[in-house]
Amino acid sequence: MSAHAKSGSGAAKNDLALKWALGVLLTIGGILVILPFIWMILSAFKSESEMQNIPPTFLPVDATFDNFKHLFTEMNFGVYLKNTLIIVVFSFVGLFLNAMAGFGFAKYKFKGGSALFYLVLATMMIPGQVTMIPIYLILNEMHLTNTMTGIILPGLVGAFGIFLFRQFMQTIPDELLEATRLDGASEFRTFMQIVLPISKPILAVQGILAFIAGWNSFIWPLIIANDEKLYTLSVGLTLLKGQYGGNFALQMAGSTFMVIPIIVIFIIFQRHIIENFSISGMK
Amino acid sequence: MKGYSQSKAPYFFIAPALILLILFSLLPIVVALVISFTNMDLAGLADWSNISFVGIDNYVDVLADPVFGKSILNTLFYVVIGVPLILIGSLLIAIIVNFGGNRVFNAFRVVYYMPSVTNVVAVAVVWTLLYNPIFGLLNYLLDAVHLPAVPWLQDPIMAKISLIIMGAWRGMGLNMIIFIAALQGIPKSYYEAAQLDGAGNFRQLLYITIPMLRFAIFFVSITTMIGWLQFFEEPFIMTDGGPLDSTTSVALFIYHNGFQLSNFGYSAAGSFILFFAIILITFLQFKLQGKDTDL
């Protein structure tokens with residue numbers, strides 16, 4: 001599809017026209033794709049009575065922050081935010097465990113190593129619906145239902161993360177690790193001081209993805225938390241939708257509060273995230 | 001590094017992750033299989049002596065359950081409409097972005113990918129309002145161009161389509177990125193040779209791009225299909241399976257029976273039927289792929 005190699009000027013002109021047409025098409029599609037976000041943000045600043053206007057207003061007539069205030073006064077969004085941030089912090093702990101396992105599989109030959117690695121990969125095939133109920137029962141046996149530990153543990157590590165770390169760490173030269181060992185460093189120090197710094201690119205991508213996943217975490221808090229004190233923003237938002245079904249402006253404020261931080265982080269780091277798939281996704 | 005290491009170091013590195021995976025991925029499969037042959041429910045949860053073995057009763061009952069049957073048909077509807085929609089949509093966007101090949105076109109990657117990273121609950125709440133028959137934006141826009149109002153989430157068929165539209169909106173971005181990565185892996189020389197032979201853009205697309213993307217298309221169609229087979233959050237938040245169970249997916253059926261009705265054994269049997277369906281379909285796809293190409 002390269003347009004550069006064209007020789008005839010007529011063909012080049014055709015290509016340019018086609019490019020413009022496709023560009024316009026892409027723009028229209030793009031506007032449709034972000035329209036729900038724009039509508040969400042604009043609605044979050046409207047009053048409830050303005051939301052009930054027919055026909056609906058596009059821009060808020062009398063912009064207000066009240067909806068966001070109500071999230072924290074009439075709902076417990078402060079508590080939900082705290083819980084969500086706790087989960088985000090622990091998702092970084094999970095990331096570290098994934099990195100450790102990835103290193104173990106990448107740089108050591110040991111008895112059962114490859115069998116265990118296949119076992120890890122096999123867990124990727126298991127659908128969440130099958131494990132949902134037994135995990136609840138297992139956590140119940142461990143007396144961890146309705147606790148933060150119970151919410152965090154099931155999703156802490158993941159086979160795909162381990163796989164990506166292993167792929168990356170295999171490229172680290174053995175000589176480098178050997179040299180560190182000769183200097184008398186322990187295996188764990190080698191990992192912390194040599195391997196992790198080298199793995200910065202993959203750590204960055206996985207870190208961003210871990211943040212997004214932690215911030216969005218929904219299913220485990222939904223299943224494990226009975227108590228509103230343990231709800232995350234996602235679960236709190238479903239509660240908000242149930243309790244304040246008619247308060248659309250409040251719902252839009254709740255959604256905006258959840259979505260905007262992720263969009264900001266995504267736009268800042270988009271190159272890393274998108275290129276991650278170019279590097280690791282399709283090989 | 002050469003030869004087998006005798007040290008305990010590798011086990012130390014993999015142990016924490018491996019223990020968690022065994023506890024929360026592998027052991028659950030065994031537990032699910034066992035309880036799917038029992039009448040495990042809330043009473044069984046409180047006291048194990050209340051649990052009894054019921055053989056394949058759960059499987060027989062769940063297959064005879066009209067709601068389960070309906071949820072299978074709904075899920076098939078999601079797959080049959082949703083997979084081609086996402087596949088063709090994301091492929092077209094990827095081809096256009098790649099064709100443009102400059103900064104402006106690349107910026108659209110961010111726009112189209114954005115729905116994939118945002119919270120599913122938040123966007124489901126937003127879409128519920130967009131679909132609202134009275135205050136929603138979509139019916140207002142239709143009205144503005146003198147088109148009749150659409151019963152987005154009220155009509156049994158339309159509700160499924162509405163959920164698919166939203167699911168496609170969320171799902172296209174990631175697949176677009178995968179296709180762009182694959183497109184950039186096609187050697188430029190192929191196109192140059194085709195141009196020398198006088199092949200136009202469309203013929204290059206048909207005879208070079210699409211065949212070269214065979215593996216990416218295969219990958220995306222399998223992952224997308226598995227995604228639709230596990231479709232859960234959107235119907236859970238937006239319709240709770242309604243109207244009249246017309247949007248209940250198999251995954252939602254399992255959740256509903258497991259966590260709202262606490263019929264753990266019954267629900268586990270349903271989840272195994274879903275699991276086998278996923279394995280079977282994936283296996284068939286691999287077979288067909290093998291026959292179709294000599295890769």
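This note goes through a predicted model of chains A and B, point by point.

1. How to read the model. Because this is a predicted model, local features are given only at pLDDT of at least 70 and side-chain atom pairs count only at pLDDT 80 or more, while totals for chains, interfaces and linings use all residues. Residues are numbered from 1 along each chain as its sequence is written, chains are lettered from A in the order in which they are written, and side-chain values use heavy atoms, with hydrogens and water left out.

2. The make-up of chain B. Chain B contains 14 helices and zero strands, where helices (H or I, at least four residues) and strands (E, at least two) are DSSP runs numbered from the N terminus. The pattern read along the sequence is α-α-α-α-α-α-α-α-α-α-α-α-α-α, and the C-alpha atoms of chain B fill a box of roughly 75 × 75 × 35 Å along the principal axes.

3. Of the 295 residues in chain B, 54% are buried; buried stands for under 20% relative accessible area, exposed for over 50%, and partly exposed for what lies in between, with a 1.4 Å probe and protein chains only. Where contacts (heavy atoms within 4.5 Å) are concerned, 68% of those in chain B between residues at least 6 apart in sequence join residues at least 24 apart.

4. Surface and charge of chain B. The accessible surface of chain B is about 13,500 Å², and carbon and sulfur atoms account for 69% of this area, which was computed by the Shrake-Rupley method with a 1.4 Å probe. Chain B carries 12 positive and 15 negative side chains, with 18 Å between the centres of the two sets; Lys and Arg are counted as positive, Asp and Glu as negative, and His and the chain ends are not counted. Each charge is placed at NZ of Lys, CZ of Arg, CG of Asp or CD of Glu.

5. Annotated spans. An unreviewed UniProt entry lists "domain: ABC transmembrane type-1" for residues 80-269 of chain A, and the annotation "domain: ABC transmembrane type-1", again from an unreviewed entry, covers residues 72-285 of chain B. Such annotations may be inferred rather than shown by experiment. In chain A the span 80-269 is 76% helix and 0% strand, with its end C-alpha atoms 25 Å apart, and in chain B the span 72-285 is 79% helix and 0% strand, with its end C-alpha atoms 19 Å apart.

6. Domains of chain A. The domain assignment of chain A gives domain 1 (9-66) and domain 2 (75-243), with bounds that come from an automatic or database assignment. The centres of these two domains of chain A, taken over C-alpha atoms, are separated by 37 Å.

7. Ile54(A), a residue in a loop. Ile54(A) sits in the loop between helix H2 (48-51) and helix H3 (66-73) of chain A, and it counts as exposed because its relative accessibility is 62%. When neighbours within four places in sequence are left aside, Ile54(A) is in contact with Ile134(B) and Phe135(B). Pro197(A) is 143 residues from Ile54(A) along the chain, and their C-alpha atoms are separated by 58 Å.

8. Helix H13 of chain B and Val250(B). Nine of the 11 residues of H13(B) are buried, so this helix is largely enclosed by the rest of the structure; among the buried residues are Phe253(B), Tyr255(B) and Asn257(B). Val250(B) lies in H13(B), which spans residues 250-260, and Val250(B) counts as buried because its relative accessibility is 5%. Leaving aside neighbours within four places in sequence, the contacts of Val250(B) are Phe68(B), Ser71(B), Ile72(B), Thr75(B) and Leu274(B). Just after H13(B), Ser262(B) has a positive phi of about 55 degrees.

9. Pro243(B) lies in the loop between helix H12 (233-238) and H13 of chain B, and a cis peptide bond with omega of about -10 degrees joins Gly242(B) to Pro243(B). Asp245(B) is also found in the loop between H12 and H13 of chain B, and has a positive phi of about 60 degrees although it is not a glycine. Asp245(B) counts as partly exposed because its relative accessibility is 31%.

10. Helix H7 of chain B and His146(B). In helix H7 (residues 137-144) of chain B, the buried residues are Leu137(B), Asn139(B) and Leu142(B). His146(B) counts as exposed because its relative accessibility is 74%.
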